[in-house]
Amino acid sequence: MSAQKAQIKEPLIRMVKRDDITPQKAWVIRAVAFVLSLVTGALLILLLGNNPLAVYASMVTGSWGSSTVIHETIKLAVPLLITAIGISFAFKMKFWNIGGEGQILVGAVAAGAFGLFTAHIFPKLPLVILMMLASIVAGGLYGLLPAVCKAKWGTNETLFTLMLNYIALAFIKYLMNGPWKAEGSSFPKIDMLVPGARLTKVLGVHWGWILALILVVVSYIYFSKTKQGYEIAVVGESSNTARYAGINVGKVLRRTMFISGALCGLVGMLQFAGADYTITESTAGGVGFTAITVAWLAKMNPFGMLVVSVFIAMLERGSNTIQTNFKIPASAADLLIGIILFFMLGCEFFITYRLIRRGKEEQHA
């Protein structure tokens, strides 16, 4: 009787974590997921009355078809890549930093404090260095705050970092309507950065792309070859094990979250001085949230993040092209991107877990 009750309570389908999976099988699953995402997206495009092949081809040419659009694609990929690297520092130790948006914004504000008001004092090189340092320190301190509270009082870092995004956004609105409002403007806006203080372009894009590539290599070495990277991995596996091994968990949390926030803050400076030339409510532009997808899809591997960030930048740039060429609504273009990313994220579930039907293991035995 008890065995019968246990069988009734057993779910129809349950998930079990895979012990191991070969890299070849994992890539087969990813390839199948990508094909299925294109097929599903094609159905959406057909419902909109367009040729899927033509739309997909337009997305590719809209991202890589000329030097101008290549520059725009890279410009979109740079903040995604650096933010994803920054977030991965926190995620590797299971500290869920959802505050990338806020850290980008405070980094932009810190850079703006020098770029907007001291450009007539400092030459370009010292000014750019000051903007960089200010954005790194501001972003780092903004990331450090939830780490200190987590280490001291055990606060929930997910909610804490998420709420800090709204505080940073509200502060931007205050500056736009108050002390930093452009003189003579009839609506809220901050002055443009003077041309002499803007980042120099290298091969058509501001030099932030070179910095991003350097950070890919440096972060990989940090994670895999240094004592600090090892400590992050141990804390991520188990904070109790880390303490037993003599690791100061609170120190690792604070140090790593400062680095995480600092990298996100640096993105704010690059967006301000290299792309937008001003600070608005959309300076972060959702990068802090999209970068979570980049880091997750890349399994926190910096080189993987490079590939994924370029891929997502291509999708975003391509969606703008198909809106113009095929009169596809922006909402439908965003939905198409969402479908592709949904399948790519979903396949990671099947790589990590397998589904077992009720009674299947017993039959196998």
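**Salt bridges, helices and loops**

Analyst: A salt bridge here is a side-chain nitrogen of Lys or Arg within 4 Å of a carboxyl oxygen of Asp or Glu. Before going on, note that this is a predicted model: local features need pLDDT of at least 70, side-chain atom pairs count only at pLDDT 80 or more, and totals for chains, interfaces and linings use all residues. Residues are numbered from 1 along each chain as its sequence is written, and side-chain values use heavy atoms, with hydrogens and water left out.

User: Where do Glu 72 and Lys 75 lie?

Analyst: Both are in helix H4, residues 67-91. They sit three residues apart, about one turn of the helix. Helices (H or I, at least four residues) and strands (E, at least two) are DSSP runs, numbered from the N terminus.

User: Why does that spacing matter?

Analyst: An α-helix has 3.6 residues a turn, so residues three or four places apart point the same way.

User: How exposed are Glu 72 and Lys 75?

Analyst: Glu 72 is partly exposed, with a relative accessible area of 29%. Lys 75 is partly exposed too, at 23%. Buried means under 20% relative accessible area, exposed over 50%, and partly exposed in between (1.4 Å probe, protein chains only).

User: How many salt bridges does the whole structure have?

Analyst: A search finds six. One of them joins Glu 157 and Lys 150, at 3.0 Å from N to O. Glu 157 is buried, at 6% relative accessibility. Lys 150 is partly exposed, at 29%.

User: What about Lys 299 and Glu 348?

Analyst: Their side chains also meet in a salt bridge, 3.2 Å from N to O. Lys 299 lies in the loop between helix H12 (287-297) and helix H13 (302-326), and Glu 348 lies in helix H14, so the pair ties together parts 49 residues apart in sequence. Lys 299 is partly exposed, with a relative accessible area of 44%. Glu 348 is buried, at 5%. Salt bridges that share partners join Arg 30, Lys 299 and Glu 348 into one network.

User: Switching to helices. How do H2 and H14 cross?

Analyst: The axes of H2 (residues 23-47) and H14 (residues 330-352) come within 9 Å and cross at roughly 155 degrees. That makes H2 roughly antiparallel to H14. Axes are lines fitted to C-alpha atoms, for helices over the stretch in contact, and angles run from 0 to 180 degrees between N-to-C directions. Under 35 degrees counts as roughly parallel, over 145 as roughly antiparallel, 65 to 115 as roughly perpendicular, and the rest as oblique.

User: Which residues meet there?

Analyst: From H2, they include Arg 30, Phe 34 and Leu 44. From H14, they include Ile 339, Phe 343 and Glu 348. By class, the contact has 17 nonpolar, three polar and two charged residues. Ala, Val, Leu, Ile, Met, Phe, Trp, Tyr, Cys and Pro count as nonpolar, Asp, Glu, Lys and Arg as charged, and the others, Gly among them, as polar.

User: And H12, is that enclosed or open?

Analyst: Eight of the eleven residues of H12 are buried, so H12 is largely enclosed by the rest of the structure. Ala 291, Ile 292 and Leu 297 are among the buried ones. Their cover includes H4, helix H5 (100-115), H13 and H14. Contact means heavy atoms within 4.5 Å.

User: What comes after H12?

Analyst: H12 is followed by Lys 299, whose phi is positive, near 55 degrees. Met 300 lies in the loop between H12 and H13. Phi of Met 300 is near 65 degrees, a positive value in a residue other than glycine. Met 300 counts as buried, at 11% relative accessibility.

User: Where is Leu 203, and is Leu 203 buried or exposed?

Analyst: Leu 203 is in the loop between strand E2 (201-202) and strand E3 (205-206). Leu 203 is exposed, with a relative accessible area of 68%. Phi of Leu 203 is positive as well, near 55 degrees.

User: Last one. What does the chain look like overall?

Analyst: The protein chain has 15 helices and four strands. Its C-alpha atoms fill a box of roughly 85 × 60 × 40 Å, taken along the principal axes. Buried residues make up 45% of the 365 residues.
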